[in-house]
Amino acid sequence: MDLNDTPEQVHYRAKVRAWLHEHKDEAPAAQGEDDAAYVQARRAWQGKLATAGLAGVTWPVELGGQGLGPIEHVIVGQEIVRAGVPDILDVIGVGMLGPTIIAHGSAEQKNRYLGPMLHGDEVWCQLFSEPAAGSDLAAVQARAVLQDDGSWRLSGQKVWTTNAHFAAHGLLLARTDADVPKHKGLTMFIVPMDAAGITIRGLRQISGEAEFNEVFFDDVRLDADAVVGGVGNGWGTALTTLMFERLTIGLGSESLGYQAERYAAAIATDEHARLDPEVRRRLGELCVQLLAVKFTGYRMLSALQQGQIPGPEAGLAKVTTVRAAIDAGDLIADVLGPDALDAESEWAYMISFLPGLKSAGGTEEILRNTIGERVLGLPPEPRLDKGIPFSELRAKERAGVAAT
Amino acid sequence: MNLELTDEQSFLRDAAREALSRVKTVAAAREALEDPAALPDLWPTAREAGWAGLLVSEDNGGAGLSAFEAMLVMAEAGRVLAGIELLGHLPASSLLDAAGDSRVAAVAEGDLRACFVAAQPPGDLERRWTVEPPSGSVRVDAPVLASDGTLRGRVAWVPDAPGADVFVVVATSADGEPVAVAVDADDVSVERAVRYDATRSLGHVSFEGAAGVLLEGVGAPELARAWFLAQSLLAAESLGAVETALAVSVAYAKERFTFGRAIGSYQAVKHSLVEVLRLRENTYALLLYAGWAYMDKPDEFALAASAARSSAGHALDYASRAMISVHGGIGATWEHDAPLFFRRAQLSRRLLGGVGDATDRVASELLSAA
């Protein structure tokens, strides 16, 4: 049982720390206004990190990465948090979409897109979820129709799109054949976000901030070479992205700030509350969960170091984190009173953010289904969509709605 | 970083599983509810496997292993509801080892069975060393060692007290300092308390002027460490029971059909079993934390062991109830094993300060450090 760095890791960490120490004055603030100037500063900082080899750590060397493992990726993340500087801006691009292009893209696509992505010259967004296709992602309805000249025409709507308002490109999952079962008629595309026919609208959350967007596509033209991974292979390509999404969330959880010590410190400032048995029980129970998540993270790292890929059970840590953080927000607001909900409070944003986080990356319910089936081997729910052409399925759904 | 089991740890676990599989412990747990004599004596198994000396240093005739290895064995015992007197023996053996007591070699061999008469260390609310009362929620003072070397006091619900050869008692000295005292069985009055879970050997222990041997070199830090070691062993034992409860429930959810499909395909059942898995994963991660802290991060051992105990208590409570529910009405009868796991959960969570005190200790440690 060993939580320490190996000698090679000690050396690598020291190197990373030294670079960050030397360059931290060049970094923008870790949090900033959501304006063009700040985004520009963050992109420039990403460029510096990339040049220093602190972005795309696990990417292959020939594609601009460092060819290192997940442990080194985590070491960089930890040192960035420690230095108090922001991480790369485009976590979604570099962590999830780039690796998808590396796995499924053509040589031309890799040459064209990966360098500018890594250096923050072109930010990316993920165009998968739709208003009626979230947990059931294969139900996407955005439609791309092949034209005689080999180009495509895209129409539909995407949602929960982080960074869409300043992204240069998006990776988009569209239906290209509605006459086959739903997982089979999908294709992945690279979409230029400045194309004619794209409308982007901010989606305000409980907190009042708009971190996500809705993106509308009205007869948008895509070139033939926009297809990633082959026509009709969109589902397999999307699964690669989702696997990297799980990894990105799992390995990045330390920087979320949902930590037992932080919540205890908030309660400790109240001389009465810290002696109250009920407050202590609630604090104890939620901190037990957060400490468990911390060591579950170490287990995951350890498994990665032995060359294993985390399975769906890694999603349980997300369930635990969100639940415990919700309990923490409740407890702190109960102790501090309405003040905790003030916009100036350290806690208001977290309290407003967590209900949505519960569904992010798949609802808790769908996670439990997946884990129950894939980890415990329990039988699936009977499904009404298996083997049915998507167009027929939609017709059935509409008839079902009409009958109620 | 490496949190995988080493080859030696895997071997220890597999050997424990194999050794315990030779005895029908779960069936015995049921029989013993009506006839305590039906409980098999597993101490010879423990001796043969070398578990008695697990935490005793090699110099003193033990295996010189650490808390995490002891937890692995406890988890195997918990998995099959085996009543082995390790919860009492192991913390006591580590204190005798630290003091270099003359009996330690015999204790490591298992020729002498030791019993830890624990006291809960002070926290930020309770400043005394306290022990379990016979009933009620108010904890009482630890036994007192008078200046003439005699020990007086009463401790209720002591795990593995009946039949022990030597008792390692946490007491306070005349000047209020916590001390450890070794007392021979002849000088101890033990009232056997067979309750609810027949596999759990418990006794109310009284000392009425018993002659005790003060264990030298064992002070407050070592006594606190022994208390939290006991917490983590109890947590590990519960983890094993959770794993059986989950496996049995999952197997049944796959083979039992209602309305034309396996009950495990219903979300209500599936999500409940995934909840057991979630609590299991959390508890295992915290046992790793406790095992690591015991060796490398002593300042965090109280926090880690208390968190593991709290998590394990909740996990087994939930798992045993889910086991009953998934099996339907039969799960609440003696026809099924589920009631045995429920009984185990109910009694375990109330021993050694209970899950409530462990949870409070987590808050206490974090608030004090803030």
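In this predicted model, the side chain of B:E275 makes a polar contact with the side chain of B:R278 at 2.9 Å, and the two side chains also meet in a salt bridge, with 2.9 Å from N to O. B:E275 lies in helix α8 of chain B, which runs over residues 267-296, and because B:E275 and B:R278 are three residues apart in that helix, about one helical turn separates them. Side chains of opposite charge can pair when their charged atoms come close. Both partners are buried; B:E275 is so classed because its relative accessible area is 9%, under the 20% cut-off. Once neighbours within four places in sequence are left aside, B:E275 is in contact with A:R323, A:R368 and B:Y318, a list that includes residues of chain A as well as one of chain B.

These contacts lead to the interface between the two chains. The contact takes 49 residues from chain B and 51 residues from chain A, and the area buried between the chains is about 4500 Å², of which carbon and sulfur atoms give 66%. On the side of chain B, B:M1, B:R278 and B:L367 supply 19% of the area buried against chain A, more than any other three residues, and B:R278 is the salt-bridge partner of B:E275 described above.

Across the interface of chain B and chain A, the rule finds five salt bridges, and 19 residue pairs are in polar contact, both residues of each pair being at pLDDT 80 or more. In chain B, the elements α7 (220-255), β12 (261-262), α8, α9 (301-326) and α11 (354-369) each supply at least two residues of the side that touches chain A. Among these elements, α8(B) gives the most, with 19 residues. By class, the side of chain B that touches chain A has 26 nonpolar, 13 polar and 10 charged residues. A salt bridge that joins the chains is formed by the side chains of A:R280 and B:D360, at 2.8 Å from N to O.

Charged pairs can also be followed over the structure as a whole, which holds 47 salt bridges over all chains. A network of salt bridges links A:R299, B:R17, B:E76, B:R79, B:E243, B:R280 and B:E281, and so includes residues of both chains. Within chain B, B:E237 forms a salt bridge with B:R200, the closest N and O atoms being 2.6 Å apart. This pair links distant parts of the chain, since B:E237 is in helix α7 of chain B whereas B:R200 is in the loop between β8 (189-192) and β9 (202-211), 37 residues apart. B:E237 is buried, with a relative accessible area of 4%, and B:R200 likewise counts as buried at 6% relative accessibility.

The domains of chain A come next. Chain A is divided into domain 1 (7-89), domain 2 (124-233) and domain 3 (252-374). The centres of domain 2 and domain 3 of chain A, taken over C-alpha atoms, are separated by 32 Å, and six residues of domain 2 are in contact with seven residues of domain 3. The area buried between these two domains is about 490 Å², of which carbon and sulfur atoms give 62%. In domain 2, A:S135, A:I206 and A:S207 lose the most area to domain 3, together 70% of what that side buries. Between the two domains there are zero salt bridges, whereas two residue pairs are in polar contact, both residues at pLDDT 80 or more. The side of domain 2 that touches domain 3 has one nonpolar, three polar and two charged residues.

A:F128 counts as buried at 2% relative accessibility. Not counting residues up to four places away in sequence, A:F128 touches A:L137, A:V140, A:K158, A:L171, A:L173, A:M188, A:A238, A:T241 and A:L242. The C-alpha atoms of A:F128 and A:E72, which are 56 residues apart along the chain, are separated by 29 Å.

Note on methods. Residues numbered from 1 in each chain as written. Chains lettered and ligands numbered in written order. Heavy atoms only, no water. Domains from an automatic or database assignment. Contact = heavy atoms within 4.5 Å. Buried area = accessible area lost by both parts, 1.4 Å probe. Salt bridge = Lys/Arg side-chain N within 4 Å of Asp/Glu carboxyl O. Polar contact = N/O pair within 3.5 Å; in protein donor to acceptor, adjacent residues only side chain to side chain. Nonpolar A, V, L, I, M, F, W, Y, C, P; charged D, E, K, R; others polar. Helix = DSSP H or I, 4+ residues; strand = E, 2+ residues; numbered from the N terminus. Buried < 20%, exposed > 50% of the residue type's maximum accessible area, 1.4 Å probe, protein only.
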